[in-house]
Amino acid sequence: MHSDFDGYARDRWPRLVATARLLTEDTYGAEELARRTLVRVCARWRRIPRDDVDFHVRRCLVRGHLRARRAGGRRRAVLVLRYWSGLGEPEIAQMLGCSVGAVRALLRRGAKEARPEDRRAEFAALLAGFTPPAVPLDGIRRDGASRRRRRAGLAAAGCALLLAPPAVLAHGPLTGGDATGAAEASDRQVPGPVRVVAPGERVAAAPGVDVWLTADGHHWSSPQAPNRFHAVSDGTPGHGRPGISVQGERLDGGAYFQTGVYYGLDRDPARIEIRTGGRTVTADVLTLAGSPGWCAWYARTPTPPADAAADSGPSDGGQTVTVYDAAGEVLVRSELGPAVVRAVPAGAWRS
């Protein structure tokens, strides 16, 4: 594994630092951004498809830069990717987790300030005389191995928590509290499982319910309908800003199946939580390889009584769906309220 990664890192390091230099406009910051990017890549090297490495590395570099900037920087990233890296609009949109329309809008705004040929000349001038340092390979491998061990520990903890529900259910139902009716005390932030699936690969999401993804969108079947579909266009369901969709259906036994798509995010999601009826449920996440810019999620949640949902909002028994990144920061939140938590007759779906 080391020789494979080492060869790639040595070969790509000069251009990686140069791209980081254009993004950050800072020599030291560029070297540190490129180093952190390769640390992340090293930690995930075994999981990256070999025909998709360059895309993965560029995406990691750009999103790492945007995370550090916190605000702004997206237009600069679009210009660098278009006029320095030579990427097309759909690929840039995939990399940033936004729509093609949003990329085009940023390029049009940039064109008002400088013509494409002038922009390329500007980038070339910034890199004139710029010599990247030697790749710090030993430190990258060491930090990458440490990051990989931490990820493995988190995965092991997540597996243990996935095995915990039977024991939890033995002490009481999902929708209730203790004998006094008290609400659940802990809202621990637990990473949800993320699964990379092949196009058309079906996943059993609930009894009688399958979910699968294709390049054009999110599909699911239930006992009431053999094929439901949520189309995805240009990496997002027709929106230029982050969002999350939700559909739901009552299942046999009183549970409630929910699924949806999140899209337009500029950072990698780590988990999705559904807060409903005073309880928090962590969703499962499905994604296609190659960072399509959207992912599907699903979960089984308790079905609240219809009369309780009729008067409830997100703060008093309604529902909130939230997407978090690995640091626990909120990427997107949908305050859904009674329109989604209200009991839905079998076969009826709400968006």
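**Exercise 1. Work out in which order the strands of the open sheet lie, and which of them are edge strands.**

Step 1: Two strands pair if DSSP finds at least two bridges between them.

Step 2: Strand E2 (203–206) and strand E5 (225–231) are the edge strands, as each pairs on one side only.

Step 3: From one strand to the next, the twist averages 30° (axes are lines fitted to C-alpha atoms, and angles run from 0 to 180 degrees between N-to-C directions).

Before going on, please note that this is a predicted model: local features need pLDDT of at least 70, side-chain atom pairs count only at pLDDT 80 or more, and totals for chains, interfaces and linings use all residues. Residues are numbered from 1 along each chain as its sequence is written, and side-chain values use heavy atoms, leaving out hydrogens and water.

**Exercise 2. Find how many bridges join strand E3 to strand E4, and which residue stands opposite Val-211.**

Step 1: Strand E3 (residues 209–214) and strand E4 (residues 217–222) are antiparallel and share 5 bridges.

Step 2: Opposite Val-211 you will find Trp-220 in E4.

**Exercise 3. Identify the partners of strand E9.**

Step 1: Strand E9 (residues 269–276) runs antiparallel to strand E13 (residues 319–325), with 7 bridges; Arg-271 has Tyr-324 as its bridge partner in E13.

Step 2: E9 is also joined to strand E10 (residues 279–282), again antiparallel, by 4 bridges.

Note on methods:
Helices (H or I, at least four residues) and strands (E, at least two) are DSSP runs, numbered from the N terminus.
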